[in-house]
Amino acid sequence: MMRPLIVLAPLALLAACATPQEQCLSNVTQALRINASLIAQTQGNLDRGYGLETEQRIASSARVCYERQIDGDISPNFCDVPEYRTVTKPVPVNLRVERETLDQLLAKRAVLERQAAAGTAQCRALYPE
């Protein structure tokens with residue numbers, strides 16, 4: 001469930017550079033974009049028959065590091081360097097619940113599309129370009 005928010009985070013940064021109309025349009029369509037992302041995720045779970053979960057894994061590897069000694073000499077030494085990996089793994093899902101969730105998201109999309117259309121018209125009226 002965290003993936004849609006992560007995907008939308010860069011958009012929030014770009015919104016800071018947007019015109020007032022673009023910011024307004026982004027705000028009034030945000031719920032619709034999140035809904036579309038959740039629909040895609042849920043449909044993917046149904047198509048695959050399982051969900052996907054990402055997690056960060058940390059492993060360390062020994063590497064040669066060079067350290068400056070008190071006398072100024074540089075000597076090689078072994079040091080542990082953390083390595084970060086993002087791993088995607090399958091997780092079981094209840095397909096009946098996923099279908100119900102998809103049906104609810106699709107029903108909500110119609111409402112959100114109407115709200116976004118009204119909000120878009122209002123943004124264009126308030127902030128003409």
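Predicted model: local features only at pLDDT ≥ 70, side-chain atom pairs only at ≥ 80, totals over all residues.
Local features need pLDDT of at least 70 and side-chain atom pairs count only at pLDDT 80 or more, while totals for chains, interfaces and linings use all residues. Residues are numbered from 1 along each chain as its sequence is written, and side-chain values use heavy atoms, with hydrogens and water left out.

The chain contains three helices and two strands, in the order α-α-β-β-α along the sequence. Helices (H or I, at least four residues) and strands (E, at least two) are DSSP runs, numbered from the N terminus. Of the 129 residues in the chain, 18% are buried; buried means under 20% relative accessible area, exposed over 50%, and partly exposed in between (1.4 Å probe, protein chains only). The accessible surface of the chain is about 9,500 Å², and carbon and sulfur atoms hold 58% of this surface. Areas were computed by the Shrake-Rupley method with a 1.4 Å probe, and for residues only the protein chains shown count as cover. Among contacts (heavy atoms within 4.5 Å) with a separation of 6 or more, 69% are between residues 24 or more positions apart.

The largest nonpolar core consists of five residues: Leu38, Ile39, Leu46, Leu102 and Leu105. Such a core is a set of buried Ala, Val, Leu, Ile, Met, Phe, Trp, Tyr and Cys residues joined through side-chain atoms within 4.5 Å. Helices α2 (20-48) and α3 (95-126) are the elements that give two or more residues to this core, and α2 gives the most, with three. Leaving out residues up to four places away in sequence, Leu102 touches Ile39, Thr42, Gln43 and Leu46. Asn35, in helix α2, counts as buried because its relative accessibility is 4%. Beyond its neighbours within four places in sequence, Asn35 is in contact with Leu105, Lys108, Arg109 and Leu112. A polar atom of the Asn35 side chain lies 3.2 Å from the backbone oxygen of Leu105. The C-alpha atoms of Asn35 and Arg109 are 6.6 Å apart, although the two are 74 residues apart in sequence.

The structure holds five salt bridges, each defined as a side-chain nitrogen of Lys or Arg within 4 Å of a carboxyl oxygen of Asp or Glu. One joins the side chains of Glu53 and Lys89 (4.0 Å, N to O). Because Glu53 lies in strand β1 and Lys89 in strand β2, this pair ties together parts 36 residues apart in sequence. Lys89 also meets Glu55 in a salt bridge (3.3 Å, N to O); Glu55 lies in strand β1, 34 residues from Lys89. A network of salt bridges links Glu53, Glu55, Arg57 and Lys89.

Arg63 and Glu83 form a salt bridge, with the closest N and O atoms 2.6 Å apart. Arg63 is in strand β1 and Glu83 in strand β2, 20 residues apart. Glu83 is partly exposed, at 33% relative accessibility. The side chains of Glu83 and Ser61 are joined by a polar contact of 3.0 Å. A polar contact is a pair of N or O atoms within 3.5 Å; within protein, one must be able to donate a hydrogen and the other to accept it, and residues adjacent in sequence count only if both atoms are side-chain atoms. Ser61 lies in strand β1 and is buried, at 18% relative accessibility.
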